[in-house]
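Trainee: I would like to learn how to read pockets. Please show me with an example.

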Amino acid sequence: MQPYNLVDRKEFINMVKVLNSRYSLPGRKHFTATAVPKLYNEVRDKIRQELSLINKDTISVTTDCWTSIADTPYITITVHFITSEWALKSACLACAHFDDDHNGKNIAEVLRSILNDWGIDVQNIMSITTDNGRNILKSIEELNLENAHISCFAHNINIGVNHSLDIPVLKRAIARLKKLQNEFAMNWKMKRDLHKTQELLQMEVKTLPSACPTRWWSTLKLVKRFLENQLPIFKTLLEYSKSI
């Protein structure tokens, strides 16, 4: 879970020398050109072997298009199957850079290509689970998998909860709360003083978490944290009433 250049950092090299001065630390190139590719190929061969032992028409698929924090678009596809020993298994077939337009036709072509690369015929898929985006639903039509489509339960719950939060009085309250959270997140002095006030009141030091529109529970956490910390928050706001 660390970047390759970790092995080039002086601090890490010194730490390894202290732990075992006789150990020869591999360089960055060893991991990029040998270790990780070897591990990748071993896992890929293992998955191919497992898939070769099951009926291809008993495979289920989940897929999604998403964008990283670095604003890079990706598409991910995962297969789910039951082995001859009745063990439920899942395997990520691809998490690929996807910089084409995310329309239904392009998504369908990428999904078909990835599945074909693993020897899986799209028409043999038992079920495919996605969110409710128009583009992904269009790709399901392109693949003629409408009868096999299962709408993502978590996504449906998120849509339902967000609809309930559109009630005017709730919408206004949450909008103000998000604005308040942003003020604390962007102002280190306010955050510092909030923590000092929490310590003074012998409370656990916590910040206001951000709320993500695609994760309804993050809004719940924000509301709960605010209700638990109203006193220190109000006291801090009194000190900054003229600046916000």
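Mentor: This is a predicted model, in which local features need pLDDT of at least 70 and side-chain atom pairs count only at pLDDT 80 or more, while totals for chains, interfaces and linings use all residues. Residues are numbered from 1 along each chain as its sequence is written, and side-chain values use heavy atoms, with hydrogens and water left out.

Trainee: How much space lies in the second largest pocket?

Mentor: Rolling a probe the size of a water molecule over the atoms shows where empty space is left. On a 1 Å grid over the protein atoms alone, a pocket is an open set of points where a 1.4 Å probe fits, with protein on both sides within 12 Å along at least five of seven lines. Grid points are joined across faces, edges and corners, and a volume is the space filled by probe spheres set on the points. Here the second largest pocket holds about 180 Å³.

Trainee: Which residues line the second largest pocket?

Mentor: Lining residues have an atom within 4 Å of a point. Among them are Asn162, Leu165, Cys212 and Thr219. Helix 6 (residues 168-186) gives the most, with five residues; helices are DSSP runs of H or I, at least four residues, and strands are runs of E, at least two, numbered from the N terminus.

Trainee: And what of the largest pocket?

Mentor: The largest pocket has about 480 Å³ of space. Its lining counts 15 residues, with Asp64, Asp131, His155, Thr214 and Arg215 nearest the centre. Strand 1 supplies the largest share of that lining, five residues.
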